Amino acid sequence: MDLADIISGDQRLAVVRQPIAHDSAVKHVTGQAAYIDDMREPTGTLHLAPGYAPIAAGRVTALDLEPILKAPGVVAVLTAEDIPGHNDISPKEVGDDPAITPERVNFYGQVLFCVIAETRMEARRAVKLARIATAPSMPVIDVDDALVANTTVLPEYAFVRGDPIVEIPQAPREITGEFRIGGQEHFYLEGQIALAIPGEDGDMYVHSSTQHPTEVQHVVAHALAVHDNAVTVEIRRMGGGFGGKESQATQWAVLAALAARKTGRPCKLRLDRDDDMIMTGKRHDFRVDYNVGIGKDGVIRALDVTLAARCGHSEDLSLGVIDRTMFHADNSYFYPTCRILTRRMRTNTVSNTAFRGFGGPQGMLFAERMMDHIAYVTGKDPLEVRKANFYSGSGRDRTPYGMRVEDNILHELVGELERTSEYWDRRKALAEFNAASPVLKKGLALTPVKFGISFTLIQLNQAGALVHLYRDGSISLNHGGTEMGQGLFIKVAQVVAEEFGVGIDKVKITATSTALVPNTSPTAASSGTDLNAQAALVACRQIKERLFDFIQETWNVGRDRVQFRDDRVIVGNREMKLGELATAAYEARVQLSAAGYYKTPKITWDRAKANGRPFYYFAYGAACSEVTVDTMTGEMRVDRVDIRHDVGKSLNPAIDIGQIEGGFVQGMGWLTGEELVWDSAGRLRTHAPSTYKIPTASDVPADFRVALHESGGNREDSIYRSKAVGEPPLMLAISVFSAITDAIASLKPAVMPRLDAPATPEAIMRAIRATTGGDM
Amino acid sequence: MAEVKLTVNGKRVTRHVPDETLLVEFLREELRLTGTHVGCDTSQCGACTVHVDGMAVKSCTMLAASASGSEVTTIEGLANGGLHPMQKAFNDNHGLQCGFCTPGMIMTAVDMVRRYKASGERLDEEAIRHELEGNICRCTGYHNIVKSIQQAAGEM
Ligand code: FES
Ligand code: FES
């Protein structure tokens, strides 16, 4: 598809670019959309409940399961000995994450056994009857513990350009800072769940609420010691994922499959919410230490930053996650000389994992905090400091990992938002307000987002789709992407409907299944639409190619005189329904089914050399937030948010705006109210929404203005010149954190408030005390 | 075992269930009305909200036995064919993404609008946001949910 066709062809588009409702919207509002727990269970389905370690580190010395076996309804108990194949659920199968730990305990909540009973309640009751004797050892809980103990899951890794150790002291001014970034619980509304149904020849059919059916397939096959082709994994929809079902869904599917193998009956495992929060991984939390040399103009000369992450007890996805922290530690800023070092700390806590942004938000929060730091100690406006440090033309366009920023729209996008949000007028009004208000202080911040799109593990940037055209003109669509609410299915269906010139109602969306499209990548990295819609397009084009040939042979009409539109096919002077054409083609023995395949062009990455072009393109955005902080109580209110975000040329503006709003609020939760607390014994104390505060409707500012950035579209040849939108908006919420910093900074000139994330009222009070030195 | 007699979505049902059966289990497992979801199991997320005798109730906190004798409405019974104005509004305004919170949101919203109408109080945006505090949505950021409720409030 060439650029001219897309840009000039926009008016001709009938389905693409329309704000069509989510494919299941009507089913959702009527309660008809079935999640896995809503499916009719096969007769004889058994239910599972996992029993877990009551210590964070040490050994299980005795496990007496006899009382469980005598409990009502219990059929069997699954232990590590029941696993015929590999006892490992790690995504890369490195062997560090057992499905059921045989003896050694690495975190509080690690699975020791699993009860199989006639009902879920019976299974859950029986779990409590286990007699567990343990020999605990001293756990390593947080990053600081791990830095002292020097325990890591992976070697440290750095991007280095020039010699910051030499250059920083030579800069006119040197700034040093340290702060903490908290983790985040996904709290997908639908908890982890799997239903495994045994078949003939040792086959296993698994319904799993997963973003990565192929990985579930592999890990289940290896646990059962069968070939991949014996395991089919299906998912129609998830009730939210956010990265929390990328690797973390696997264990529950494996346990269900093992139980189904052991009992010969269908087995279902739905985690209770508290167990889900205790037993599944979260966003990585960090300690960040930085040292930066700047010019008098506030422009960075050289930077040295160390980001140490709590990875938890195993590797999981930490390699890619923490790499992405590094890829975004520059956010939108050029670092002439730098070292971006990451440390991947091993702790006796649940293994941290993917979460919307995949480590990127933490890197970006560091960059923005550093900008604030530069601004407050030099007395400049933070927005001016940001703009002065933006990537720009040649000489200032190369990232620390060697990729050039070729599609930079930061200056225009931020300039637009600066104008529409009336940043400078409000800046003045704020100063006046603060001067007259001793207790309530307002803060304002405008922060940018530049987010790299593509998996940095290059092999994942491929996708497949399967499209059938039936003789009545209806179409069946399948692809490797999974639907978790983000609107992937409707977007891909829009592309298919557009190709065949039919209404969206003619395209049947079908459940993701490893039996239909194999060897898929996780639906992650915001790339679901980019990859799967392209693959679907390729499949449609293959079918159309065959139809063009058939039309040429039958009616002697060239393809330039054939159009698929308005639910018809125009063939020269003839007009017919798609079904009539399909029937005629079928009768002439034309194949009406195709498997499409797509791989992202241009991308390269050499991790050993820390060099390449890992991203096909960047998605940009910016947000301006205003907050009011009560300096007596630490309470904070977000008064107004203005967002301008770049989705290229949107495939579906309603879906995209929904992603922006939802992502922003989720990011705001991460940086304000959502606080994970582990005690010194390694027990998560915030394992329910009663103690872990998810944003509610009244936490969200009523004055919330979202605009899509008008642009010529993606400069790369993405699907209809759109851009990925799943993750980038989450990082727009950094503007809230910076605005809180701004409000606190108003208390004392030339001091950088020491604020950790999340900015809970307690954290805000600590920052206020540290800033004013107690004289407030 | 307890005998539970309910009128659910206008139909009378009688079942014998274990005493500790929750209303949500009764609806989902006995009656296969699976539009009522379980999000948190502990009365905090609102995904399981239904109407009991016309009032919004989190069905994971109520025993089926204690609802006995009541009239229960679930998301499946909100409209008699077609869509209730609230359902239509959520669809029109993109008030959902993953949809898991949606049935509970809608049941809460319908109850909210009815209560405000009955009392003559004004259901402004602030009131809607406040009233929604017992319902968590992790996907949408609530903006479109609030818009949906505003639209339906004008039509109900
Ligand atoms: S499941 Fe009932 S309130 Fe969450
Ligand atoms: S739409 Fe997913 S939780 Fe509300």
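Modeller: In this predicted model, the axes of helix 11 and helix 12 (residues 382-389) of chain A come within 8 Å and cross at roughly 120°. Helices here are DSSP runs of H or I with at least four residues, strands are runs of E with at least two, and both are numbered from the N terminus. An axis is a line fitted to C-alpha atoms, for helices over the stretch in contact, and angles run from 0 to 180 degrees between N-to-C directions. Helix 11 of chain A is therefore oblique to helix 12 of chain A; angles under 35 degrees count as roughly parallel, over 145 as roughly antiparallel, 65 to 115 as roughly perpendicular, and the rest as oblique.

The model is predicted, local features need pLDDT of at least 70, side-chain atom pairs count only at pLDDT 80 or more, and totals for chains, interfaces and linings use all residues. Residues are numbered from 1 along each chain as its sequence is written, while chains are lettered from A and ligands numbered from 1 in the order in which they are written.

On the side of helix 11 of chain A, A:M371, A:D372, A:I374 and A:A375 meet A:P382, A:V385, A:R386 and A:N389 of helix 12 of chain A. Residues are in contact if their C-beta atoms, placed from the backbone, lie within 7 Å. This contact comprises five nonpolar, one polar and two charged residues. Ala, Val, Leu, Ile, Met, Phe, Trp, Tyr, Cys and Pro count as nonpolar, Asp, Glu, Lys and Arg as charged, and the others, Gly among them, as polar.

Helix 11 (residues 360-378) of chain A also packs with helix 10 (residues 318-327) of chain A, at an angle of about 30° and with the axes 7 Å apart. Helix 10 of chain A is therefore roughly parallel to helix 11 of chain A. This crossing is right-handed. A:R324, A:T325, A:M326 and A:F327 in helix 10 of chain A meet A:G360, A:Q362 and A:G363 in helix 11 of chain A. Two nonpolar, four polar and one charged residue make up the contact of helix 10 of chain A with helix 11 of chain A.

Definitions and conventions
A crossing is left-handed if the near helix is turned anticlockwise from the far one by less than a right angle, and right-handed if clockwise. Two residues are in contact if their C-beta atoms, placed from the backbone, lie within 7 Å.
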